[in-house]
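Hi everyone, thanks for having me. I'd like to walk you through one protein chain today, so please take a look at the screen.

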Amino acid sequence: MDNVSLYLSSCFLLLLFYTTPARADLPGTWELLVPDAGIASMHTAVTRFNTAVLLDRTNIGPSRKLLPKGHCLKRDCYAHSVQLDLATNELRPLKILTDTWCSSGQFLPDGTLLQTGGDLDGFRKIRKLAPCNRTSFCDWEELNDVELSQGRWYATNQILPDGSVIIVGGRGSNTVEFFPPRKNGAVSFPFLSQTEDTQMDNLYPYVHLLPNGHLFVFANTNSVMYDFTRHLIVKEYPKLEGGPRNYPSAGSSVMLALQGDYSAAEIVVCGGAQYGAFLMRSTDTPAHGSCGRILATSENPKWEMEDMPFGRIMGDMVMLPNGDVLVINGAMSGTQGFELASNPCLNPVLYRPDQPVGLRFMVLNPGSVPRLYHSTANLLPDGRVLLAGSNPHVLYRFDAEFPTELRVEAFSPDYLSADRANVRVVIEEVPETVRFGGSFDVVVSVGLPVVGIVEVNLASAPFATHSFSQGQRLVKLPVTSAVPDGDGRYRIGCRAPPGGRVAPPGYYMAFAVNQGVPSVARWIHVS
Ligand SMILES: *[C@@H]1O[C@H](CO)[C@@H](O)[C@H](O)[C@H]1NC(C)=O
């Protein structure tokens, strides 16, 4: 070989070296928001004041954050809930009185966080937190004049079209009940007994409010359309193959974005443990990687199956503002429960529902913090995803292979990358409140001229726990083309959701989405 060709071939080799994707080249970026939140968040919710409420359980022993002087609890003087200010990353301890272990929650129409049940002294408790701005000192309030009809441990809450909340299931409670409480108390829901197996597998059922006003309820491998007014099963869906999907075999589930005339709703259920892993206390049984997707509102619904790039248990599915779904957190082996998983799945994957089967999943940049049992993921108003918790131990334990995790991180999907900043719009004007069916305008500004439609999408703020975000939904509004309004501004005509079946009353993050890139959201009240 002469010198020139030697030179050329080594250039070629160098080029090869530099174009082989390294880990850092996969889409998405990670950042550490809080090195020590003081508590491991088992339940997380984002409020309309751009704070996050982190909530653990009260019987877990000392956390890493003390309550203010003179504010001790029955068991100790440690915080088991904190408020994280997303603008400053400052933490403020909150005082939760009774045990919230494996409880459930939902935002009410006025923006108050309703929180129900738990273990021990919290089994039948109802609590509220009216969130506040950073100069105020809101805190948990326990309702003393009312309690749940039945204990609710591992139940799922869903806000309903009229703004009340249904509480579905729980350990030893195969019933539903409502908040505010209704006269008949707990009502038997036999579907939950039918789906209970020898290792349960019917807990934390996946509940989605369909736009036809019924609930889609999924437990174990089965699902039904449930008329919660008459307490009737309207439709039974085919069994989803691929093993149990609910606690303790958690996969996760979302309802895809509601759009168009809102007559259709598709549900996706992904991942889960193999049956028996929990019974046998197996930490290394490979997780399932299958997803089922079903058009829940069709005459003859069928599960369409697809495989994720990884098997995953305890993944969280997060509805992103553009309608894509982020699957993040969890493990590739084991099951839910204390000390029962291994092989953390550090790569999030993006599920793009509009792509053809086979092209829907994209592997994203891996994180470095294993988030296994008792971890959470929540969409933030700036389009990032907040990650908290992981505590596979009965108490706090920092010397283990998968320690109690007090770090809070944010994952930024690729839509926030710098090279897409020039299509990221800024919402300049949006109403603070909109009425069902009403028309309103959103004004945005943007660097590059707008081509085509800028979507206006409403994202609920769900209550995330145990790999499922209770009350999560994304509603895409009918919009007009963006009309230039001078100075790089554009005016978009929008129609509010037609009613509470499509979007139950409450506060939503309104995102303007341009070419898949979301703006920072503004909170709007829909009623
Ligand atoms: C915060 O909330 C309190 C109580 O509602 C209110 O008096 C105060 O003006 C608010 N502060 C800011 C900065 O919005």
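Predicted model: local features only at pLDDT ≥ 70, side-chain atom pairs only at ≥ 80, totals over all residues.

Residues are numbered from 1 along each chain as its sequence is written, and side-chain values use heavy atoms, with hydrogens and water left out.

Okay, the big picture. The protein chain has two helices and 42 strands. Helices (H or I, at least four residues) and strands (E, at least two) are DSSP runs, numbered from the N terminus. The radius of gyration is 23 Å, close to the 24 Å from the globule rule for 527 residues, so the chain is as compact as a globular protein of that length. That radius is taken over C-alpha atoms, and the rule is 2.2 Å times the number of residues to the power 0.38. Along the principal axes, the C-alpha atoms fill a box of roughly 85 × 55 × 55 Å. And 60% of the 527 residues count as buried. Buried means under 20% relative accessible area, exposed means over 50%, and partly exposed is in between (1.4 Å probe, protein chains only).

Now for the sheets. Two strands pair if DSSP finds at least two bridges between them.

Inside, β23 (325–328) and β26 (349–351) share three bridges, and Leu326 faces Leu350 in β26.

Next, look at β42, residues 522–526. Four of its five residues are buried, so the strand is largely enclosed by the rest of the structure. With β40 (506–514) it pairs in the antiparallel sense over five bridges, and Tyr508 sits opposite Ile524 there. With β32 (433–434), β42 runs parallel, joined by two bridges; the bridge partner of Thr433 is His525.

Now some single residues. Are Met200 and Ser390 buried or exposed? Met200 is buried at 12% relative accessibility, and Ser390 is buried at 1%. Neither is a glycine, yet phi is positive in both: near 75° for Met200 and about 120° for Ser390. Met200 lies in the loop between α2 (190–194) and β14 (206–209), while Ser390 is in the loop between β29 (385–389) and β30 (408–412).

There are cis peptide bonds to point out, too. One joins Phe179 and Pro180, with omega about -5°, and Pro180 is in the loop between β12 (175–179) and β13 (187–188). Another joins Tyr247 and Pro248, with omega about 5°.

Last stop: Leu279, in the loop between β19 (266–272) and β20 (288–295). Leu279 is partly exposed, at 46% relative accessible area.
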